[in-house]
Amino acid sequence: MPLSIQRKDLSGLTVIVTGANIGIGLETARMLSEMGAQVTIACRNANKAETAAEDIEKTTGKKPHVASLDLSNFDSTVAFVDEFKANHDRLDILVNNAGVVSSSKGEDGMSKNGFEIDFQVNHLSQFLLTNRLLPLITNAAQNKINNFTPRVVTVGSNAATIGKIDYSYVQNSANLPFLFTRYANSKLMNAMFIKKLSEIVKDNGVVAHVVHPGFVASDIHAKEDHKVPRFVIKIADFVMKATARSPVQGAMTSVHVAISDEAAETTGKYWDSCKVVAYPNKLITDDNAVDQLWADSLKYLQEKGIEIDH
Ligand SMILES: NC(=O)c1ccc[n+]([C@@H]2O[C@H](COP(=O)([O-])OP(=O)(O)OC[C@H]3O[C@@H](n4cnc5c(N)ncnc54)[C@H](OP(=O)(O)O)[C@@H]3O)[C@@H](O)[C@H]2O)c1
């Protein structure tokens, strides 16, 4: 059944959507722009981001800001936050949408910072980004516009169902597991991070949720850097077109959670098809495991000389 969302006037609200040059992120940014928010699209490729911003302007009349963010690089992540803070004193909605499924093996599967790519892009840099932006989100909660509750929305995945906490490969290129295992583990971390974050920010008037967008047709032809054989792409394309949600439908749950009163009245929930559903993995409600992931994430960043200073 097609999903729909209730529109809201978002005038005056400040929004970041990561990975918004394509797919679910692009449509999320478009809907939030169309409702009047001042959206920043944070993307790793400046040309693709500019094209996306122009496309959003064409359909909504409102051009989002474009900012450079490469989550596989801590310097880029820190620089993005510093620049955003220099130009904004509030953040009403952070949509952590950017995500990757890395098929690379050996050293190619590792970031410049020495971490397995899914672990860094999908979890560790997102942990850093969100924590560093928290003062702006808290400030928005103390100075609400139209009584809007500021929030963090992270796009997770039901792949978390089979995820595990396994650090044996995150700094060891010789030990990389199957690509879907890396992705599933990182998506489990998304949900565990948001669960803990929701508790930490509860008393600040900020909520945090994780969403599963459904099975969504990504534009796999647009990825010039994928290493998948052409016949596999053709089959995947056919299956996707026949069975998947469109990116617009895929963005609906993110947008619902980003703007609805329903999502403001609760926190730390897992959403699918615009509804709260059961957590996909029991580790998400395991307080010890969640605390341990938070501590380990801090430790990995500290080893690189990065503190979470809020
Ligand atoms: N599609 C699905 O069926 C599905 C299902 C469950 C969950 N999800 C999640 O939904 C989110 C959006 O997925 P999608 O289907 O819209 O995928 P997509 O079309 O591949 O878009 C992913 C976005 O993330 C960006 N990104 C990748 N690596 C990055 C990095 N190092 N730094 C900054 N941005 C980076 C991409 O930028 P480039 O364009 O430059 O690569 C792109 O903008 C992801 O978190 C994904 O895991 C998707």
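Mentor: A helix here is a DSSP run of H or I with at least four residues, numbered from the N terminus. The model is predicted.

Trainee: Which residue just after α1 takes a positive phi?

Mentor: Helix α1 covers residues 23-34. Just after α1, with a phi of about 105°, comes G36.

Trainee: How far apart are the end C-alpha atoms of α1?

Mentor: α1 has 12 residues, and at 1.5 Å a residue these should span 16 Å.

Trainee: Is α1 mostly covered or mostly exposed?

Mentor: Buried means under 20% relative accessible area. The buried residues run through G23, I24, G25, L26, E27, T28, A29, R30, M31, L32 and S33. They pack against β1 (14-18), β2 (38-43), α2, β4 (93-96) and α7 (247-259). With 11 of its 12 residues buried, α1 is mostly covered.

Trainee: How are α1 and α2 set to each other: roughly parallel, roughly perpendicular or oblique?

Mentor: The axes of α1 and α2 (residues 46-60) come within 10 Å and cross at roughly 40°. The crossing is right-handed. Angles under 35 degrees would count as roughly parallel and 65 to 115 as roughly perpendicular. The two helices are therefore oblique.

How values were computed
Residues numbered from 1 in each chain as written. Predicted model: local features only at pLDDT ≥ 70, side-chain atom pairs only at ≥ 80, totals over all residues. Heavy atoms only, no water. Axes fitted to C-alpha atoms, helices over the stretch in contact; angles between N-to-C directions. Parallel < 35°, antiparallel > 145°, perpendicular 65-115°, else oblique. Left-handed = near helix turned anticlockwise from the far one by under 90°. Expected span 1.5 Å × (residues − 1). Buried < 20%, exposed > 50% of the residue type's maximum accessible area, 1.4 Å probe, protein only. Contact = heavy atoms within 4.5 Å.
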